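Dear colleague,

I am passing this structure on to you, with my notes below it. Please look through the sequence and the coordinates before you read on.

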Amino acid sequence: MMMSGFFRFGVWQNFFRAWKNGYSGNLEGEGFTLGGVYVIGAGRQGILLEHREKEFGDKVSLPSVLEAAEKIKPQAS
């Protein structure tokens with residue numbers, strides 16, 4: 001995302017939302033890496049949820065993570 005991420009309106013919205021809620025960070029590390037969340041089922045169940053950040057601060061929905069986690073079927077031993 002590099003410098004183009006700095007100029008995106010959504011990035012600034014996410015920054016101010018986090019700042020308003022008291023979240024702080026540091027300036028250590030690369031700073032250009034976007035994250036993601038995966039919920040992977042047991043055995044051959046595969047990926048139940050995939051969320052990749054499209055811009056900095058793009059959060060995954062907690063209810064969708066919980067819903068996906070509830071779909072995980074125990075693997076027979």
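**What was found**

Along its sequence, the protein chain runs in the pattern α-β-β-α, which amounts to two helices and two strands; helices (H or I, at least four residues) and strands (E, at least two) are DSSP runs, numbered from the N terminus. The model is predicted, so that local features need pLDDT of at least 70 and side-chain atom pairs count only at pLDDT 80 or more, while totals for chains, interfaces and linings use all residues. Residues are numbered from 1 along each chain as its sequence is written, and side-chain values use heavy atoms, with hydrogens and water left out.

The mean pLDDT (the predictor's confidence in each residue, from 0 to 100) is 81 for the protein chain, and 83% of its residues reach 70 or more. Where pLDDT is low, the predicted coordinates should not be read in detail.

Of the 77 residues, 14% count as buried, meaning under 20% relative accessible area, with exposed over 50% and partly exposed in between (1.4 Å probe, protein chains only). Of the contacts (heavy atoms within 4.5 Å) with a separation of 6 or more, 45% are accounted for by residues 24 or more positions apart.

Phe 15 lies in helix H1 (residues 9-20), and it counts as partly exposed because its relative accessibility is 44%.

With regards
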